[in-house]
Structure formats: C-alpha cells, structure tokens
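Take a look at the sequence and the fold below.

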Amino acid sequence: MATSAFTPLGLDHVVLHVRDQAAAQKFYCDVLGCTVDRVNPRVSLVHLRFGEQFIDLLPLDPAAPDEGARARMDHFCLSIRCDDLTALAADLRARGVKVDGDVVKRYGAYGDGPSLYLRDPDDYVVELKPR
C-alpha cells in the first residue's frame with residue numbers, strides 16, 4: 001500500500017538507550033569515527049554525527065529491567081520529502097496506521113524541523129522527518 005504523499009530519501013538517525021553514555025560515546029567516536037554534533041542536556045541526549053546521519057544516545061533508565069538490545073532501541077528516523085506532514089499524518093491515521101501525537105519540531109541529521117512519530121506492526125517507533 002504505497003503512498004505518493006511523500007518521497008523516501010534515506011535514514012536520518014537512530015536513537016539508542018545505553019547503559020553507560022560516556023562509554024558508548026567513546027566507542028562510537030573512537031571506534032566508528034563519529035563526532036559529537038550537539039548535546040541536549042534537558043533530556044541527556046547526545047547527537048553523534050556518522051557521515052550525513054546521526055546515532056543518538058540516551059541514558060538507559062537504571063531501574064528498567066534489561067530486556068536486551070531490542071528494548072534499548074528508542075526509535076529510528078526516516079528522512080522524507082513531504083510538502084504537508086499534517087496532511088500525511090491524517091492520511092496515515094485514515095489508513096489505520098497508529099500515529100503517536102502530532103507534528104512536532106525536532107532536531108535531526110539535517111537540522112531542526114517538523115517530524116511525526118508512528119508505530120510499525122511490531123510496535124517499533126518510526127519517525128518521519130522531511131528534509
């Protein structure tokens with residue numbers, strides 16, 4: 001069930017919950033060549049630049065049970081071309097897609113801008129963010 005309301009452009013970012021944010025940052029920078037692009041101290045979010053995309057690190061709640069790597073992935077973001085994200089959200093809802101909330105301005109690999117969260121059939125969070 002394809003849509004013409006947007007054009008896929010690629011991956012924007014992946015957000016991971018990590019047990020030790022400093023160790024994770026060191027690994028991604030020293031081993032994989034990421035650089036720190038921005039830190040959002042309000043939510044303890046570190047944006048690491050990996051080429052054109054981001055790998056974002058959020059601290060794992062120490063009180064949360066360790067349910068493995070799948071539980072630690074917060075969401076992934078897909079970069080799209082879309083003229084009207086609000087209309088796209090309405091279209092997705094009408095097609096039975098679970099959309100989380102409304103269009104909100106968020107920071108991603110291509111800068112600040114509107115984005116939308118939705119859920120896939122396995123309940124993974126997918127963010128759609130126009131460039």
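Start with strands E3 and E4. Strand E3 covers residues 45-50, and five bridges join it to E4. The two strands run antiparallel. E3 and E4 form a hairpin, with two residues between them. Look at Gly51 in that turn; it has a positive phi of about 65°. This is a predicted model, so read each detail as part of a prediction.

Now turn to the other partner of this pairing story, strand E1. E1 spans residues 7-18, and six bridges join it to E4. Here the strands run parallel. Val15 stands opposite Asp56 in E4. Strands of a sheet pair through backbone hydrogen bonds, and the pairing can be parallel or antiparallel.

Is strand E4 enclosed or open to the outside? Strand E4 covers residues 53-59, and five of its seven residues are buried, so the rest of the structure largely encloses it.

Next, pick out His47. This residue lies in strand E3. Its relative accessibility is 3%, so His47 counts as buried. The side chain of His47 makes a polar contact of 2.9 Å with the side chain of Asp56. His47 also touches other residues, including Thr35, Val36, Phe54 and Tyr107, when residues up to four places away in sequence are not counted.

Step back to the whole sheet. In what order do the strands stand? Eight strands form an open sheet, and the order is E2-E3-E4-E1-E5-E8-E7-E6. The pairing is mixed. E2 and strand E6 (99-108) stand at the edges. Each has a single partner strand, so one side of each is left without a neighbour in the sheet. Neighbouring strands are turned by 25° against each other on average, direction ignored.

Val104 has Ser115 in E7 as its bridge partner.

Helices pack on this sheet too. Helix H1 (residues 21-31) touches E1, E2, E3 and E4. The direction of H1 makes about 160° with that of E4. Helix H3 touches strand E5 (73-81), E6, E7 and E8. The direction of H3 makes about 145° with that of E6.

Now look for the nonpolar cores. The largest has 12 residues in all, among them Phe6, Ile80, Leu88, Val99 and Leu128. Helix H3 (85-94), strand E7 (111-119) and strand E8 (125-130) each supply at least two residues of this core. Which element gives the largest share? Helix H3 does, with four residues. Follow Val99 as one example. Val99 touches Ala89, Leu92, Arg93, Leu116, Tyr117 and Leu118, not counting residues up to four places away in sequence. A second, separate core has nine residues, including Cys34, Val46, Leu48 and Ile55.

The protein averages a pLDDT of 89, and 93% of the residues score at least 70. Among the elements, strand E2 (residues 35-40) has the highest mean pLDDT, 97. Helix H2 (residues 69-72) has the lowest, 66.

Key. Residues numbered from 1 in each chain as written. Predicted model: local features only at pLDDT ≥ 70, side-chain atom pairs only at ≥ 80, totals over all residues. Heavy atoms only, no water. pLDDT = per-residue confidence, 0-100. Buried < 20%, exposed > 50% of the residue type's maximum accessible area, 1.4 Å probe, protein only. Pairing = 2+ DSSP bridges. Core = buried A, V, L, I, M, F, W, Y, C linked by side-chain atoms within 4.5 Å. Contact = heavy atoms within 4.5 Å. Polar contact = N/O pair within 3.5 Å; in protein donor to acceptor, adjacent residues only side chain to side chain. Axes fitted to C-alpha atoms, helices over the stretch in contact; angles between N-to-C directions.
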